[in-house]
Amino acid sequence: MAEQARGERMIRIFVYMMAHYNNRYNVADIMRHLEFPESDLRSVQRDMQALSEIEGGYIRRFVDNGKTYYQVALERANKL
């Protein structure tokens with residue numbers, strides 16, 4: 001059951017980010033936009049890390065002024 005919840009959450013995040021590919025997000029932004037409860041913070045952090053490590057590089061992870069952000073890699077998104 002937990003794996004199903006994780007998979008569903010990751011798909012929601014991925015679809016949201018693809019729909020808003022021009023924007024960059026930190027974990028707090030994702031949680032706010034998708035209305036995840038605060039209790040899911042660590043899970044969403046792990047999900048974002050996992051999404052950024054998916055082969056093909058659709059979501060890129062970068063650090064700006066000490067904050068970690070995630071953004072759709074546009075050259076990859078065009079292939080979807």
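Me: If contact means heavy atoms within 4.5 Å, which elements do the buried residues of α3 pack against?
Reply: This is a predicted model, in which local features need pLDDT of at least 70 and side-chain atom pairs pLDDT 80 or more, while totals for chains, interfaces and linings use all residues. Residues are numbered from 1 along each chain as its sequence is written, and side-chain values use heavy atoms, with hydrogens and water left out. Helices (H or I, at least four residues) and strands (E, at least two) are DSSP runs numbered from the N terminus, and buried means under 20% relative accessible area, exposed over 50% and partly exposed in between, with a 1.4 Å probe and protein chains only. The buried residues of α3 pack against α1, α2, β2 (59-64) and β3.

Me: How many degrees around the axis do the buried residues of α3 cover?
Reply: In α3, the buried residues are S43, V44, D47, M48, L51 and S52. They lie on the same side of α3, because their arc, taken from the directions from the helix axis to the C-beta atoms, is only 165 degrees.

Me: Is S52 buried or exposed?
Reply: S52 is found in helix α3, and S52 touches I59, R61 and Y70, not counting residues up to four places away in sequence. With a relative accessible area of 17%, S52 is buried.

Me: Which backbone oxygen does the side chain of S52 reach?
Reply: The residue in question belongs to helix α3. At 2.8 Å, the side chain of S52 reaches the backbone oxygen of Q49.

Methods:
Contact means heavy atoms within 4.5 Å. A polar contact is a pair of N or O atoms within 3.5 Å; within protein, one must be able to donate a hydrogen and the other to accept it, and residues adjacent in sequence count only if both atoms are side-chain atoms.
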